[in-house]
Amino acid sequence: MQATAIAHPNVALIKYWGKRDRDTNLPAVGSLSLTLSGLETRTTIWLDKDSTEDQLVLNGQPDSSATARARLCLDLLRERAGIEAGASVESTNNFPTAAGLASSASGFAALVKAGAAALGIDADADALAGVARIGSGSAPRSLYDGIVVLENRESDTATGSVHCATISAPDNWPLAVMVVITSSAAKEIGSTEGMELSRKTSPYYQAWLDTHQADLDAALGAVREQDFDALAELSERSCLKMHAVAMTSQTPLFYWSAATVACMQRVWELRRSGVPVFFTIDAGPQVKAVCLPEVATQVKAELARVQGVQDVIECGLGQGAWVES
Ligand code: PMV
């Protein structure tokens, strides 16, 4: 009745922004992501059959909003196992929490993996993905290795299931990812609230939905052919489209800082000079620069020199969430 799981966050190259269905937390669009080695969430769950309470302690602090979301996932797992027991959950991140570094993705991937193990459920990654998406729309992707697609299937609306797959294992096409920290403050508006605002108020939201699948299909082709330049163009485009939707929401969701923009410009300068690197940015001011491993040292040094950059964490492609034996 106790288990520990570890999960890496992931970063989307073809982004998801907007929910198809608020209740099931299903994304309105598919996405393509990289599971990142180097950053991790470690979660331990203890179950107590004499209790009905759940409590989640995140980085040493009880967290009521994370507890409420975790409870939804744990309820599904308990129902599946036919076991009633309260859960004490202790989760720690080795990177800044809620600052646009996908801590909710690794958090909920680790939670469902540890929860299933503690309850003795023999569930495959697809079954756990269907539970993890209740906590965070991007969490299912952290259950899978390397380069991952989360499909957008119409039929999932009724079933609430999620379909993900690894399309390229970590050593099939190794990519390096520099996570550039420009601020470690938690964001003011979380992505769930932000994307709901965009759906309701951005004049660009429908265009985002209408043009998204073509980007995803083209990016899948670029990964299959290991065409870095094509993946670079498509990923930056998807990122800028997502931020255009966010910025034109009412009230505006402007996640960038001056250092974010300076990093974007440095990445473009590097690419123009022949260095294989591109950027992506989630709902926060951090920049993730994706490059080929042979230029990783150079890209890291160049970005560390940009004014306002606090730290650059070097990541590679990692494995999906696993249970510690
Ligand atoms: O996992 P959520 O529901 O908090 O949404 C994350 C959304 C982005 O990180 C901004 C984009 C993505 O596809 O990961």
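**Strand S13.** I started with S13 (residues 277-280) and found both faces covered: Val277 and Phe279 on one side, Phe278 and Thr280 on the other, all buried. Buried here is under 20% relative accessible area with a 1.4 Å probe, protein chains only. Strands are DSSP E runs of at least two residues and helices H or I runs of at least four, numbered from the N terminus.

**Ground rules.** I'm working from a predicted model, where local features need pLDDT of at least 70 and side-chain atom pairs 80 or more, while totals for chains, interfaces and linings use all residues. Numbering runs from 1 along each chain as its sequence is written, and side-chain values use heavy atoms, without hydrogens or water.

**S13's partner.** I looked up S14 (residues 287-291), which pairs with S13 in the antiparallel sense over four bridges; pairing takes at least two DSSP bridges. Phe279 has Ala289 as its bridge partner. A six-residue hairpin links the two strands.

**Cavity.** I searched the whole structure and got one cavity of 30 Å³ or more. A cavity is a set of points on a 1 Å grid over the protein atoms alone where a 1.4 Å probe fits but cannot get out, and lining residues have an atom within 4 Å of a point. Volume is the space filled by probe spheres set on the points, which are joined across faces, edges and corners. The lining includes Asn10, Leu101, Asp282 and Lys288. Both domain 1 (2-172) and domain 2 (176-315) contribute lining residues, so the largest cavity lies between them. I note that the domain bounds come from an automatic or database assignment.

Conventions: 1 Å grid on protein atoms, 1.4 Å probe; cavity = no way out; pocket = protein on both sides within 12 Å on 5 of 7 lines; lining within 4 Å. Buried < 20%, exposed > 50% of the residue type's maximum accessible area, 1.4 Å probe, protein only.
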